[in-house]
Amino acid sequence: MRRIISAKVRNTSGVLNRISGVLTRRQFNIESISVGVTENPDVSRITIVVSVDLDFQMEQLIKQLNKQIDVIKVTDMSADSHLERELALIKVATTSINRQEIMSMIEPFRASVIDVSSQSIIIQIAGSSEKIDALVDVLKVYGIQELARTGITGLLRSSIK
């Protein structure tokens, strides 16, 4: 089962290495990992997507991560209402003939062209992994030259009280 873990950590050197080491020692495959500074420059958020079969494995993983010295808080966002997004940059081969066709194909995905050359365009898209996968599938017929994805980042939704 796909699980999304959010860890607030001290923004210091080596923290990401120690976090990924915990996952490696426990033999979890990291499907996606993204890191960025939070509203507090001394704190970073690490968002990790892993595949976990059993609930007790997830509990053990969270306990192990919480034991790390630079970890402030670990949250399993999977069960709670949350938002997740990913960014992708896609370089697609184009000609003057099919460039307009490609531009009209990406419009429903709310993607945008951020660079144009005589032989290719670079498209930017942000959204769910499924949305990005769908756009990649549409663009494959034109010839994807390069693809870069950021990995998932997310936040829990605010609770209404």
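Reader: What is the handedness of the crossing of α1 and α2?

Author: In this predicted model, the crossing of α1 and α2 is right-handed. The two axes come within 10 Å and cross at roughly 150°, where α1 covers residues 15-25 and α2 covers residues 55-66.

Reader: Which residues of α1 and α2 meet?

Author: From α1 these are I19, V22 and L23, and they meet L61, Q64 and L65 of α2.

Reader: Which residues of α1 are buried, and against what do they pack?

Author: The buried residues of α1 are V15, I19, S20, G21, V22 and L23, and they pack against β1, β2, β3, α2 and β4. After the helix comes Q27, whose phi is positive, near 60°.

Reader: Why is I125 called buried?

Author: The relative accessible area of I125 is 1%, and the limit for buried is under 20%, so I125 is buried. I125 lies in strand β7, residues 120-127, and, leaving aside residues up to four places away in sequence, it touches E86, L87, A88, I90, F109, A111, K131, I132 and L135.

Reader: What makes the pair R3 and D55 a salt bridge?

Author: The side chains of R3 and D55 meet at 3.4 Å, N to O, and the definition asks for a nitrogen within 4 Å of a carboxyl oxygen, so the pair qualifies. R3 lies in strand β1 and D55 in helix α2, so the pair ties together parts that are 52 residues apart in sequence. R3 is itself buried, with a relative accessible area of 9%.

Reader: How do you know that K8 and E39 form a salt bridge, and what parts does the pair tie together?

Author: The closest N and O atoms of K8 and E39 are 3.9 Å apart, and that value falls within the 4 Å cut-off. K8 lies in strand β1 and E39 in the loop between β2 and β3, so parts that are 31 residues apart in sequence are tied together. K8 is partly exposed at 27% relative accessible area, whereas E39, at 66%, counts as exposed because the limit is over 50%.

Reader: What makes E86 and R149 a link between distant parts of the chain?

Author: Their side chains meet in a salt bridge at 2.9 Å, N to O. E86 sits in strand β5 and R149 in strand β8, 63 residues apart. E86 counts as buried at 7% relative accessibility, and R149 is partly exposed at 32%.

Reader: Which residues do salt bridges that share partners join into one network, and how many salt bridges are found in the whole structure?

Author: R3, D55 and D76 are joined into one network, and a search of the whole structure finds 10 salt bridges.

Terms used:
Residues are numbered from 1 along each chain as its sequence is written. This is a predicted model: local features need pLDDT of at least 70, side-chain atom pairs count only at pLDDT 80 or more; totals for chains, interfaces and linings use all residues. Side-chain values use heavy atoms; hydrogens and water are left out. Helices (H or I, at least four residues) and strands (E, at least two) are DSSP runs, numbered from the N terminus. Axes are lines fitted to C-alpha atoms, for helices over the stretch in contact, and angles run from 0 to 180 degrees between N-to-C directions. A crossing is left-handed if the near helix is turned anticlockwise from the far one by less than a right angle, and right-handed if clockwise. Contact means heavy atoms within 4.5 Å. Buried means under 20% relative accessible area, exposed over 50%, partly exposed in between (1.4 Å probe, protein chains only).
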